[in-house]
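Welcome, and thanks for taking a look at this one with us. Here is a short briefing to read alongside the model.

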Amino acid sequence: MTNRFIISLTTSYYKPTNCLRFTRNGLNLIPIVYRCYSGSRRTNRYDIAIIGGGIVGCSTALNLLWKYPSMKVVILEKENEIAIHQSGKNSGVIHMGIYYKPGSLKAKLCIEGAELAYKYCDKHSIPYKKCGKLIVATNRNELDGLNELYERGLANEVKDLEIIDKTGIREREPHCGGVRAIYSPHTGIVDWQLVTRIMAKEFQSLGGEIQLDFNVSTLEHKYEGKSQEIGSMDYPVIIESSDRMNSIDCRFVILCGGLHSDRLASLSGCSRTPKIVPFRGDYLLLRSKGLVNGNIYPVIDPNLPFLGVHFTPRMNGDIWVGPNAVLSFNREGYSRFSFDFRDAADALTYRGTRKLAYRYLGYGLSEFYRSLLIRLQLKAIRRLVPSVKLRHLERGPCGIRAQALDSDGNLVDDFIFDSGTGSLSGRTLHVRNAPSPAATSSLAISRLIVDKATQLFNLH
């Protein structure tokens with residue numbers, strides 16, 4: 001027998017399972033959780049299951065129902081709410097595609113995704129700010145790199161991009177140092193966690209389902225000849241949760257596992273490479289009001305693996321400074337000393353991690369030491385905004401980046417899709433790597449995923 005409760009998204013739920021639907025009360029969508037109290041496992045049947053309730057998973061599920069409104073689609077999320085990892089712990093920037101190689105899929109999806117993101121926010125009254133971005137050359141040695149970025153931006157057809165001199169910099173950011181800069185007026189900020197949750201609500205309103213606390217541990221194909229319920233072979237994929245109290249049958253699976261994409265890939269026979277190696281990014285909070293108006297970014301150093309310190313305004317009025325990039329020993333550890341034995345062993349025993357560490361040993365140690373003391377970060381911060389004092393800074397939030405790394409220690413900076421081997425290969429689509437800026441690009445990425453699923457699964 002199934003009982004029905006109306007509760008908030010943040011309520012703690014009883015086991016064995018949570019199945020979310022939304023019902024409309026006037027203009028508001030109210031989450032309704034259906035509970036199963038029988039002693040047997042709960043098994044439902046779906047056309048497509050999406051594993052992962054981040055922004056890529058939710059936008060993919062939404063795009064599926066936009067294209068195939070009669071499909072029965074479910075999102076399986078291992079946490080008790082959606083978008084709490086990378087989708088909820090990021091800089092909140094709407095990027096415009098300046099940095100990316102012209103003609104690359106990453107550039108195309110970023111530019112398309114930014115336009116779609118603004119339209120989606122307008123349609124659903126999601127607040128955002130077009131506060132702009134400066135990419136600043138702090139000395140003449142960085143001018144060649146700045147000009148190269150400008151040419152990339154023009155080649156990518158970034159709207160209204162311009163080069164400005166010292167005077168132009170001061171007009172937009174009075175406290176910013178630098179000799180020249182690229183100005184991108186349409187770069188913006190938004191709360192991507194809120195965007196993801198609005199997508200989830202729309203998905204639910206179209207008939208989709210979300211099952212929370214569903215930590216996938218088993219992904220397998222049914223075989224003819226075994227005792228099966230009538231019609232069950234129409235849904236030949238079995239997905240079980242780690243507590244063995246919840247399972248579903250489905251026709252096809254799309255896996256958007258983010259920080260755990262490599263582990264999920266191994267469930268259907270995919271290679272474990274590239275492996276996800278987690279990097280923690282610690283932010284500082286700038287407590288002096290009026291020093292920064294919009295996004296201020298450095299010119300990329302091509303000899304280093306990550307972008308470096310930058311200033312990012314937030315929708316709540318905060319200014320984030322950072323982040324650094326430190327190897328994390330916990331894929332979901334949001335404190336400086338968080339540790340998980342399995343995650344640490346996975347990272348440290350991987351050949352690619354050791355090769356990356358050897359290549360950037362000095363840089364890595366420097367990032368680690370700077371993460372311990374705020375004053376060690378001050379020099380890099382003051383290159384962009386010389387007025388910042390130590391007293392203006394305090395520790396802020398952090399996030400974990402799911403960095404895909406190949407076995408030679410190279411950062412994988414492109415999209416990787418996989419289907420594994422064996423009986424599941426024609427029924428699973430793994431999003432192995434959706435590189436930054438995945439949030440900005442999410443609506444464009446999900447279109448690509450749905451197109452790939454349509455071809456692979458022969459959807460109609």
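What percentage of the 460 residues of the protein count as buried? The share that counts as buried is 55%. Please keep in mind that this is a predicted model.

**The protein overall**

- The protein holds 11 helices and 23 strands.
- Its accessible surface is about 20,400 Å², and carbon and sulfur atoms account for 51% of that area.
- Taking contacts between residues at least 6 apart in sequence, 73% of them link residues at least 24 apart.

**Helices H2 and H11**

- Helix H2 covers residues 105-123 and helix H11 covers residues 438-457; their axes come within 6 Å of each other and cross at roughly 110°.
- Because of that angle, H2 is roughly perpendicular to H11.
- The handedness of the H2 and H11 crossing is right-handed.
- On the H2 side, the contact is formed by Leu105, Leu109, Cys110, Glu112, Gly113, Ala114, Leu116, Ala117 and Tyr120.
- H11 contributes Thr440, Ser441, Leu443, Ala444, Ile445, Arg447 and Leu448 to this contact.

**Helices H1 and H5**

- The axes of helix H1 (residues 55-67) and helix H5 (residues 192-205) come within 9 Å, with a crossing angle of roughly 30°.
- That angle is under 35 degrees, so H1 counts as roughly parallel to H5.
- H1 and H5 cross in a left-handed sense.
- From H1, the residues making the contact are Ile55, Cys58, Ser59, Ala61, Leu62, Leu65 and Trp66.
- Their partners on H5 are Trp192, Val195, Thr196, Met199, Ala200, Glu202 and Phe203.
- In the contact of H1 with H5, 11 residues are nonpolar, two are polar and one is charged.

- Tyr46 sits in strand S4, which spans residues 42-51.
- Is Tyr46 buried or exposed? Tyr46 counts as buried because its relative accessibility is 1%.
- Apart from neighbours within four places in sequence, Tyr46 is in contact with Lys72, Val73, Val74, Glu209, Gln211, Tyr235, Ile248, Asp249, Cys250 and Arg251.
- One of these contacts, Asp249, lies 203 residues from Tyr46 in sequence, yet their C-alpha atoms are 6.4 Å apart in space.

Conventions: Residues are numbered from 1 along each chain as its sequence is written. This is a predicted model: local features need pLDDT of at least 70, side-chain atom pairs count only at pLDDT 80 or more; totals for chains, interfaces and linings use all residues. Side-chain values use heavy atoms; hydrogens and water are left out. Axes are lines fitted to C-alpha atoms, for helices over the stretch in contact, and angles run from 0 to 180 degrees between N-to-C directions. Helices (H or I, at least four residues) and strands (E, at least two) are DSSP runs, numbered from the N terminus. Angles under 35 degrees count as roughly parallel, over 145 as roughly antiparallel, 65 to 115 as roughly perpendicular and the rest as oblique. A crossing is left-handed if the near helix is turned anticlockwise from the far one by less than a right angle, and right-handed if clockwise. Contact means heavy atoms within 4.5 Å. Buried means under 20% relative accessible area, exposed over 50%, partly exposed in between (1.4 Å probe, protein chains only). Accessible areas come from the Shrake-Rupley method with a 1.4 Å probe; for residues, only the protein chains shown count as cover. Ala, Val, Leu, Ile, Met, Phe, Trp, Tyr, Cys and Pro count as nonpolar, Asp, Glu, Lys and Arg as charged, and the others, Gly among them, as polar.
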